[in-house]
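Have the structure open beside you as you read.

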Amino acid sequence: MEQRILQYREYLLGICEKDYSDDERRQLCEKVLTQISFFQHERLIHLIVTITFALLTVIVFAVCAVAPTIPFLCLGVLLMVLLFPYIRHYYILENSVQTMYRCYDKLCLEEFHEIPKKQRKKGGAI
């Protein structure tokens, strides 16, 4: 899934720079919105999985703090090893979907465009 979302993000960055007729733009916006909804669903599922793994890891280490045993320590290490890739994957999903939102706005000629933090501070815009 990670490769798919990264490839789609690059594709989207490429198409949002081109000029299209109104009909082509409308069709592209519908297709992009469908893909964004797929990735949003994936993001939600991975958020639930990541939070579950994080909670299980905390619970296992809390049990190990009270009554340390080898099986619980091994389980804690295993959960910790699995937690880092889940966090990384969720991070990629989140950032990619945010990029897709910006490309969608640009592609569909939406009036709202996110102002980067640096510009907000310099220009005094809210």
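This is a predicted model: local features need pLDDT of at least 70, side-chain atom pairs count only at pLDDT 80 or more; totals for chains, interfaces and linings use all residues.

1. Helix 1 and helix 2 are roughly antiparallel to each other, the label given to angles over 145 degrees, while under 35 counts as roughly parallel, 65 to 115 as roughly perpendicular and the rest as oblique. Their axes are 12 Å apart and pack at an angle of about 155°. The axes here are lines fitted to C-alpha atoms, for helices over the stretch in contact, and the angles run from 0 to 180 degrees between N-to-C directions.

2. Residues are numbered from 1 along each chain as its sequence is written, and side-chain values use heavy atoms, with hydrogens and water left out.

3. For the overall layout, the protein chain has 4 helices and 0 strands, running α-α-α-α from the N terminus on. Helices (H or I, at least four residues) and strands (E, at least two) are DSSP runs, numbered from the N terminus. Of the 126 residues in the protein chain, 29% are buried. Buried stands for under 20% relative accessible area, exposed for over 50%, and partly exposed for what lies in between (1.4 Å probe, protein chains only).

4. How do helix 2 and helix 3 sit relative to each other? They are roughly antiparallel: their axes come within 8 Å and cross at roughly 160°. This crossing, too, is left-handed.

5. Helix 1 and helix 3 have axes that come within 10 Å and cross at roughly 20°. That pair is therefore roughly parallel, and helix 1 passes helix 3 in a left-handed crossing.

6. Which residues make the nonpolar surface patch? Leu 44, Ile 45, Leu 47, Ile 48, Ile 51, Leu 55, Ile 59, Val 63, Phe 72, Leu 75, Leu 78 and Leu 82 make a patch of about 990 Å². The elements that give two or more residues to this patch are helix 2 (22–66) and helix 3 (70–107), and helix 2 gives the most, with 8 residues. Patches are made of residues with over 30% relative accessible area and no salt bridge; like charges are joined within 9 Å, and nonpolar side chains (Val, Leu, Ile, Met, Phe, Trp, Tyr) within 5 Å. The areas come from the Shrake-Rupley method with a 1.4 Å probe, and for residues only the protein chains shown count as cover.

7. Ile 59 is found in helix 2 and counts as exposed, at 51% relative accessibility. Leu 75 belongs to helix 3 and is partly exposed, with a relative accessible area of 35%. The C-alpha atoms of Leu 75 and Cys 64 are separated by 9.9 Å, and these residues are 11 apart along the chain.

8. On to charge pairing: side chains of opposite charge can pair when their charged atoms come close. A search of the whole structure finds 2 salt bridges, each being a side-chain nitrogen of Lys or Arg within 4 Å of a carboxyl oxygen of Asp or Glu. In one of them, Arg 88 pairs with Glu 2, with the closest N and O atoms 2.9 Å apart. Arg 88 lies in helix 3 and Glu 2 in helix 1 (residues 2–15), so this bridge ties together parts that are 86 residues apart in sequence. Arg 88 is partly exposed at 47% relative accessible area, and Glu 2 is also partly exposed, at 22%.

9. Glu 94 and Arg 43 form a salt bridge as well, their closest N and O atoms being 3.2 Å apart. This pair links distant parts of the chain, 51 residues apart, with Glu 94 in helix 3 and Arg 43 in helix 2.

Terms used: A crossing is left-handed if the near helix is turned anticlockwise from the far one by less than a right angle, and right-handed if clockwise.
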